[in-house]
Amino acid sequence: MQLLENHEIFYKKKDLPDLCVGDTATVTIYLELPKEQADGEKKEKERTQAYEGVIISKHRNTKEPNATITVRKVSQEVGIEKVFLVNSPWIKDIKIISRARVRRAKLYYLRERTGKSARLKRRF
């Protein structure tokens with residue numbers, strides 16, 4: 001049990017913002033791309049990718065080691081949802097762009113809405 005706790009403390013991030021459902025966030029993640037060289041060896045190439053969207057659900061408190069958030073974005077008129085492990089070593093950082101006032105814990109109703117009906121009220 002203590003080994004598991006030590007492992008969780010090792011991966012726990014200290015610089016996380018206060019994540020709330022309804023926030024528009026940018027999640028920057030690391031990607032490893034396999035690159036094959038001329039001599040047949042595989043060399044790992046690393047790059048970062050930003051994923052921006054609305055947080056539609058949050059599982060567990062973000063202070064816990066296995067907390068997750070679900071981020072939804074619309075790309076080329078197709079909704080894309082991705083679940084991120086908040087304390088994952090593959091996540092470089094999470095930035096909050098804007099906050100919205102919502103009255104629900106999960107915003108799954110945004111899946112059926114497009115355009116003006118999918119807007120959220122801003123919180124200042």
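**Checking the labels**

Student: This is a predicted model. Why does Arg123 count as partly exposed?
Tutor: Its relative accessibility is 35%. Buried needs under 20% and exposed over 50%, so a value in between is partly exposed.

Student: Why is Asp23 called buried?
Tutor: Asp23 has 0% relative accessibility. The cut-off is under 20%, so the label holds.

Student: What makes Arg123 and Asp23 a salt bridge?
Tutor: Their side chains meet at 3.8 Å, N to O. The limit is within 4 Å, so the pair qualifies. The pair links distant parts of the chain, 100 residues apart. Arg123 lies in the segment after β7 (121-122), and Asp23 in the loop between α1 (2-11) and β1. Arg99 joins these two in a network of salt bridges.

Student: How do you know that Glu81 and Arg72 form a salt bridge?
Tutor: The N to O distance is 3.2 Å. That is within 4 Å, so the pair counts.

Student: Are Glu81 and Arg72 buried or partly exposed?
Tutor: Glu81 is partly exposed, at 30%. Arg72 has 14% relative accessibility, so Arg72 counts as buried.

Student: What makes Glu64 and Arg60 a salt bridge?
Tutor: Their side chains meet at 3.5 Å, N to O. The cut-off is within 4 Å, so they pass. Glu64 is partly exposed at 32%, and Arg60 is partly exposed at 43%.

Student: How many salt bridges does a search of the whole structure find?
Tutor: The search finds 5.

Methods
Residues numbered from 1 in each chain as written. Predicted model: local features only at pLDDT ≥ 70, side-chain atom pairs only at ≥ 80, totals over all residues. Heavy atoms only, no water. Helix = DSSP H or I, 4+ residues; strand = E, 2+ residues; numbered from the N terminus. Buried < 20%, exposed > 50% of the residue type's maximum accessible area, 1.4 Å probe, protein only.
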